[in-house]
Amino acid sequence: MPEPVERQERPWCTRLCAVVLQRREHRPQPLSASADSAVEDAEVGLTNRQIAGRLFVSEHTIHRHITSVLRKLDLATRTGRCCACRARESARLVDSMIPLVPGLEERLDEGIDAADVGAGAGHAINVLARAFTRSCFVGYDFSDEGLRLGAAEAQAWGLQNVRFEVRDEANLGEQDAFDFITAFDAIHDQAKPQSVLKGIHDALRPGGVFLMMDEGASSRLEENIDSPLTPLLYTFSTFHCMTVSLAYGGEGLGTCWGRQKALELLAEAGFTDVDVQTIEGDIEHYYYIARKRA
Ligand SMILES: C[S@@+](CC[C@H](N)C(=O)[O-])C[C@H]1O[C@@H](n2cnc3c(N)ncnc32)[C@H](O)[C@@H]1O
């Protein structure tokens, strides 16, 4: 962890988030430490007053920092900054994640059937649908509130090749229906992860690919100790991921179910060919590329 961040009087969780964001970001010009902190807080939606309180400086100083950063980045407004941030994430999905699977980009270009499980607010699947207009996409989730946002975004973008469907993924109920299925941070907090993974395996056509992005942790606590992300991951886990699964009477795998457990459950679901990859600059995730036997 870099020295200046370590010394700042900010909560540990915020410091860790800052480190992660710093590593993921490619800024055209270096920013001062306080401007850097201010802009990261702005990125997650804090007001100038909230940021000022957090950094123990005046609101005026924060206003100055944000204005100067926006000017350096050639963005007119704070909203522009958020959009740029989102655009960067979208680009990462298309430019870094899809190429992890050899030949997938070409197949998506030609036109295949794809699904996203645990689609949430549907942004990822919309980004893919916008990038690969000959392919057909469906986003599943049991939250109709989230999917409504996805549908609204798809409509605003004029997408004709994506739809959203409320479905309990523990009973996906599809057979040989898709060539490609994704799950972004959406398996470890499932109540019945085994049923979900088995359903995904069944839903793929022979030779189909499941791309599962999940937390880059080991299943063994002692192997996670040295990672700067560990306190953050276990905190997310106890406050949300594990708890939400247990609340449904589920397995409670949690954020740090880890690589070993993930591989075990993928094998139980029928995936015998699984490749685990990472993306440079993303210390948070493992990318599991699981193929259904052809
Ligand atoms: C951590 S969120 C990830 C959302 C999205 N993939 C993303 O990256 O923003 C996990 C999602 O899985 C959904 N989910 C959990 N259990 C589910 C189930 N049994 N059936 C359908 N969706 C489920 C939740 O509603 C939530 O939207």
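This is a selection-by-selection tour of the structure above.

The model is predicted: local features need pLDDT of at least 70, side-chain atom pairs count only at pLDDT 80 or more, and totals for chains, interfaces and linings use all residues. Residue numbers start from 1 along each chain, as its sequence is written.

**Stop 1**

Now colour the shell by class.

**Stop 2: the cores**

Next, show Val117, Ile181, Ile200 and Phe210. These have the most contacts inside the largest nonpolar core, which has 54 residues. A nonpolar core is a set of buried Ala, Val, Leu, Ile, Met, Phe, Trp, Tyr and Cys residues joined through C-beta atoms within 7 Å. Buried means 20 or more other C-beta atoms within 10 Å of a residue's own; exposed means 12 or fewer; partly exposed is in between, with C-beta atoms placed from the backbone. Strand E5 (residues 204-215) gives this core its largest share, six residues. Helices (H or I, at least four residues) and strands (E, at least two) are DSSP runs, numbered from the N terminus.

Centre on Ile181. Not counting residues up to four places away in sequence, Ile181 touches Ala114, Ala115, Val117, Ile200, Ala203, Leu204 and Phe210. Contact means C-beta atoms, placed from the backbone, within 7 Å. Then pick Ile51, Ile62, Ile66 and Val69, which are among the six residues of a second, separate core.

**Stop 3: the strands**

Select E1 (residues 113-117). Four of its five residues are buried. E1 runs parallel to E2 (residues 136-141), joined over five bridges. Strands pair if DSSP finds at least two bridges between them. Val117 stands opposite Tyr140 in E2.

Move to E5 and E7 (residues 282-291). They are antiparallel, with seven bridges. Leu211 faces Ile289 across this pair. Val274 stands opposite Ala290 in E7. Two residues separate E6 and E7 in a hairpin, and Gly281 in the turn has a positive phi of about 90°.

**Stop 4: helix H12**

Select residues 230-247. H12 bends by about 55° at Ser237. The bend is the angle between axes fitted to the seven residues ending there and the seven starting there. Ser237 is buried, and so are Leu232, Leu233, Phe236, Cys241, Met242 and Ser245. Just after H12, Gly249 has a positive phi of about 70°.

**Stop 5**

Most residues other than glycine have a negative phi. Phe56 has a positive phi, near 60°. Find Phe56 between helix H4 (48-55) and helix H5 (59-72). Phe56 counts as exposed because it has 8 C-beta neighbours inside 10 Å.

Asp185 also has a positive phi, near 50°. Asp185 lies in the loop between strand E4 (178-184) and helix H10 (193-203). Asp185 is partly exposed, with 18 other C-beta atoms within 10 Å.

Finish at Ala217, between E5 and helix H11 (221-224). Is Ala217 buried or exposed? Ala217 is buried, because 28 other C-beta atoms lie within 10 Å. Ala217 and Trp257 are 40 residues apart in sequence, yet 7.4 Å apart in space, C-alpha to C-alpha.

Definitions and conventions: Contact = placed C-beta atoms within 7 Å.
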